[in-house]
Amino acid sequence: MHHTKSYTLPEATKKLERYCAYQERCHYEVVEKLKGMRMIPEAIDHIVAHLIQENYLNEERFAKSFARGKFNIKKWGRKRIVRELQQREISIFNIKSALSEINEEDYLTTLDELAKKRLDQIKETNLQKRKKKLADYLFYRGWESHLVYEKLHELI
């Protein structure tokens, strides 16, 4: 029989402090983690309130860090970042705040470098298919369609 360890309130609190200190978390992740630990709703509310009060948990800070990381490391566009933050139940206010972390000039430079690099890897010789392959790649990463179409026009 699979036995899930049961946690006292102080144990669970300590565990979640470590969980949040390791990397930025959002409320949604913290609540899911506590549910997985079989904590009752009252305990979950209590621990979440504590984490916010002690500044282990800060939704705006999470959103900003998430946006910076996904843009800088994964080269995601704004649409993908927004979609992923919405899935984590981040407020519109904090999503806007997160997007302001991305410098417009860096954004366009990154799109340019990403598109050129990907185009070099596409072996397709048919121009239409080449365009489609590049477009699909950029859309998947969440780049806005008007920017993608401008870039295709420029490069192909």
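Which helix gives the most to the lining of the largest pocket? Keep that in mind as we start. One caution: this is a predicted model.

The answer is helix α4, residues 59–72, with five residues in the lining. The pocket itself has a volume of about 200 Å³. Its lining includes Phe62, Ser65, Phe66, Gly69 and Lys70. Gln23, Glu24 and Glu29 are there too, and so are Ile73, Lys74 and Arg88. By class, that lining has five charged residues, three polar and three nonpolar.

Besides lining the largest pocket, Arg88 forms a salt bridge with Glu84. Their closest N and O atoms are 3.2 Å apart. Is Glu84 buried or exposed? Glu84 is buried, at 15% relative accessible area. Arg88 is partly exposed, at 21%. The cut-off for buried is under 20%.

Next, the second largest pocket. Its volume is about 160 Å³. Here helix α7, residues 104–121, gives the most to the lining, with six residues. Among the lining residues are Thr110, Glu113, Leu114, Lys117, Arg118 and Gln121. Lys75, Tyr137 and Arg141 also line this pocket. The classes are five charged, two polar and two nonpolar.

On to salt bridges. Side chains of opposite charge can pair when their charged atoms come close. How many salt bridges does the model have? The count comes to 15.

Take Glu144 and Arg78. Their side chains meet in a salt bridge, at 3.0 Å from N to O. Glu144 sits in the loop between α8 and α9, while Arg78 belongs to helix α5, so this pair ties together parts that are 66 residues apart in sequence. Both ends are out of the way: Glu144 is buried, at 12% relative accessibility, and Arg78 is buried, at 18%.

Compare that with Glu154 and Lys151. They also form a salt bridge, with the closest N and O atoms 3.2 Å apart. Where do these two lie? Both are in helix α9, three residues apart, which means they are separated by about one helical turn. Look at the surroundings of each. Glu154 is exposed, with a relative accessible area of 52%. Lys151 counts as buried, at 9%.

One last item. Glu60, Lys64, Arg68 and Glu101 are linked in a network of salt bridges.

To recap: helix α4 gives the most to the largest pocket's lining, helix α7 gives the most to the second largest pocket's, and the Glu144 and Arg78 pair ties together parts 66 residues apart.

How values were computed: Residues are numbered from 1 along each chain as its sequence is written. This is a predicted model: local features need pLDDT of at least 70, side-chain atom pairs count only at pLDDT 80 or more; totals for chains, interfaces and linings use all residues. Side-chain values use heavy atoms; hydrogens and water are left out. On a 1 Å grid over the protein atoms alone, a cavity is a set of points where a 1.4 Å probe fits but cannot get out, and a pocket is an open set with protein on both sides within 12 Å along at least five of seven lines; lining residues have an atom within 4 Å of a point. Grid points are joined across faces, edges and corners, and a volume is the space filled by probe spheres set on the points. Helices (H or I, at least four residues) and strands (E, at least two) are DSSP runs, numbered from the N terminus. Ala, Val, Leu, Ile, Met, Phe, Trp, Tyr, Cys and Pro count as nonpolar, Asp, Glu, Lys and Arg as charged, and the others, Gly among them, as polar. A salt bridge is a side-chain nitrogen of Lys or Arg within 4 Å of a carboxyl oxygen of Asp or Glu. Buried means under 20% relative accessible area, exposed over 50%, partly exposed in between (1.4 Å probe, protein chains only).
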